[in-house]
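Me: I have a structure to go through and I'd like to ask about a few residues, one after another. Could you take them with me?

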Amino acid sequence: MSTNSVSSSTSSSLTTLSAKTGIAGLMSGLDTEEIVNSLTLATQQKITKQEQKLQLLEWKQTAYQSVTTALKEFQSSYLDVLSGSNFTSESLFNTIAASTSSSAYTVTASSSVTSSGSITIDSITQLATSQTFESNASVTGSLNGTYSTDYSTDFSGKSFLMTKDGMTKTVTIGTVTDEASFKTELQAALDDSFGTGVVSADFSTAGKVEFLASGSSLKVANLSGSSVVDDLGMTSGQSNTLSTSSTLADLNLSWGTLDQTSYSFSINDVEFSFNSTDTLATVMKRVNSSDAGVTMSYSSITDTFKLTADDSGAGSNISVSDSDLLTAFGLNNNVVGNTIDTEGQNAILSVNGKTITRSSNEVDVNGVKVTLLEETAVSSTINLTTDTTDLKDKITSFVEDYNTMIDLINGLVKEDKESDYEPLTDAQKEEMSESEIEKWEAKAKSGILRGDSILRGITSKMQTLMYSSAVKGGLTLYDMGIESAGYTENGKLEIDEDKLVEVLSSNIEGVKELFTTETTGIANALDSIIDDAAKTSGARGSRGTLIEKAGYESTTSSTQNSIYDNIQTVNEYITKLQDQLESEESRYWSKFTALETALSQLNAQSSMISGFGSNS
């Protein structure tokens, strides 16, 4: 479809808004619909103009937001503290890599390492450890009981449930006639269920039986309608270890009976209070998330509790108050024999012939973080070598993505306007194919932000920044081999890789200064420029220029910007014009209806008169 054909069809393709009411030319022969359409054409054209204006505003808003997205993506990739390519961070410009062949420690060079060389780790005599308090013995009451002497009635052919480390089996006792056969058949039943010797029934105490399984958690329970566990002198559900989901009141502890309604204690002067209805998991979670500086744990394998100081090294790092609960847990070193108190120790190593003692296994050696893993008497070397490859690749990506961002903005600012193409009406779209609509609208959108002052301001600031240095007399991007790609490229940059590699190898401190100097460094200054344009936080009036103009999706600014305000104003005016059009149509249809009614009456009178004449 040609430009002229679409433009000329504007008036004829407009449709009215109200329903056609009245008599449409039955007597007069007039094309009432066409006449009313012509009489209201001026108002219809006003509506069309406003709808086209509305479409242009929406297109502008989308174009602005596309620039905001590009700026934010660049900022996230290269200027954010969470990014692995954060050009505002000095650590990014660390070109010294540390390496070692030793398995006794790992190494990482910090940004303070500025020259290559080597460091010798002569030996690691001792690793740093944390102080621990651990239960001196199993904390859970043994899984034992005084068994019934009515052997045949209570046990012969009877079954019960036993759970070992989460796996439940039905244990069926064979024929029992006396105590000897009871002991034999019970052990045979355990062997059948779990394997020979895995779980044993211990009868070393006269009249008592205890179930044992080294390093395993055991629990017994009655089958429905059975009382074998009771006859064994135990309680259904009894276990030789603790469940962290059990309340304090339900814990079966050998160190003490928990029969209080509440408990309190302190660790490293941090106070804790619990009710008997709190679970063991709650107690450990509250301690571990506190400022006490310890970690409380329970091992079902050893059936012991442990407190481990968060800080490693020698000295007293755990202090507890007298407490019934901590005593029952085996963690009260104020009670003799209750707790195994293992002191923490410092790390000891020899570096370049000098002995170093540290409270942590992370040791700083001339800017190199050495993480100790194991003791060793074998000497090894930390090699410090210059490697600029990774930094060169990141700078190259920085420049490439900067060019993409500049290209997008300049493309919008310099794009020619196709003035012969206006937004299409719905009626016009009905006469066109999808591809024709797409091509038309591409031309209608062209140049929509041509010469835009906001966008020109952003690129102007960026281009000025890219040719500056962080400090007087310092490096510039040009010195690094990064310079303008030429006048026709509108501010894009190009890289001389050989020159870049040479500067990275010879003057890394100057490069670091150029990018990271506070305020004036390229990265920090570029971050400020992007914030000035695309910042979405804060109250209206304090956000970025692009945000104040067009807002940004999924933020409060999406309905707090000047284009949104204009859209609202245009929509209100369209509604007003639609009401006006409906009123005009109603008025004209009323007049033509009156005309048709008058003509109908006149014809009726004329027929009557003619009838009188023929009768005479």
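Me: Is R450 buried, partly exposed or exposed, and what is its relative accessibility?
Reply: This is a predicted model, and in it R450 counts as partly exposed, at 46% relative accessibility.

Me: And which side chain does R450 meet in a salt bridge?
Reply: R450 meets the side chain of D416 in a salt bridge, at 3.2 Å from N to O. D416 lies in the loop between α10 (389–414) and α11, while R450 lies in the loop between α12 and α13 (453–466), so the pair ties together parts that are 34 residues apart in sequence. D416 counts as exposed, because its relative accessibility is 54% and the cut-off for exposed is over 50%.

Me: How many salt bridges does the count come to?
Reply: The count comes to 11 salt bridges. Among them is the one between R540 and D565, whose closest N and O atoms are 2.7 Å apart. R540 lies in the loop between α16 (522–534) and α17 (545–550) and D565 in helix α18, so this pair ties together parts that are 25 residues apart in sequence. R540 is partly exposed, with a relative accessible area of 40%, and D565 is also partly exposed, at 32%.

Me: Which residues are linked with K392 in a network of salt bridges?
Reply: K392 is linked with D393 and E497 in that network. Between K392 and D393 the closest N and O atoms are 3.5 Å apart. K392 is buried, with a relative accessible area of 16%, whereas D393 is partly exposed, at 39%.

Me: New topic: which residues does I567 touch, leaving out those up to four places away in sequence?
Reply: I567, which is found in helix α18 (residues 562–615), touches L54, L57, E58 and Q61. Although I567 and L57 are 510 residues apart along the chain, their C-alpha atoms are separated by 6.8 Å. I567 counts as buried, because its relative accessibility is 9% and buried means under 20%.

Me: And L384, where does that lie?
Reply: L384 lies in strand β20 (residues 380–386), and it is buried, with a relative accessible area of 8%. Leaving out residues up to four places away in sequence, L384 touches several others, including I96, V113, I119 and V368.

Me: Last one: which residues form the negative surface patch?
Reply: The patch is formed by E51, D426, E430 and E431. Of these, E431 is placed in the loop between α11 (426–430) and α12 (434–445), and E431 is partly exposed, with a relative accessible area of 46%.

Definitions and conventions: Residues numbered from 1 in each chain as written. Predicted model: local features only at pLDDT ≥ 70, side-chain atom pairs only at ≥ 80, totals over all residues. Heavy atoms only, no water. Patch = residues over 30% accessible without salt bridge, like charges linked within 9 Å, V, L, I, M, F, W, Y side chains within 5 Å. Areas by Shrake-Rupley, 256 points an atom, 1.4 Å probe, with all protein chains shown as cover. Salt bridge = Lys/Arg side-chain N within 4 Å of Asp/Glu carboxyl O. Lys, Arg positive; Asp, Glu negative; His and termini not counted. Charge placed at Lys NZ, Arg CZ, Asp CG, Glu CD. Helix = DSSP H or I, 4+ residues; strand = E, 2+ residues; numbered from the N terminus. Buried < 20%, exposed > 50% of the residue type's maximum accessible area, 1.4 Å probe, protein only. Contact = heavy atoms within 4.5 Å.
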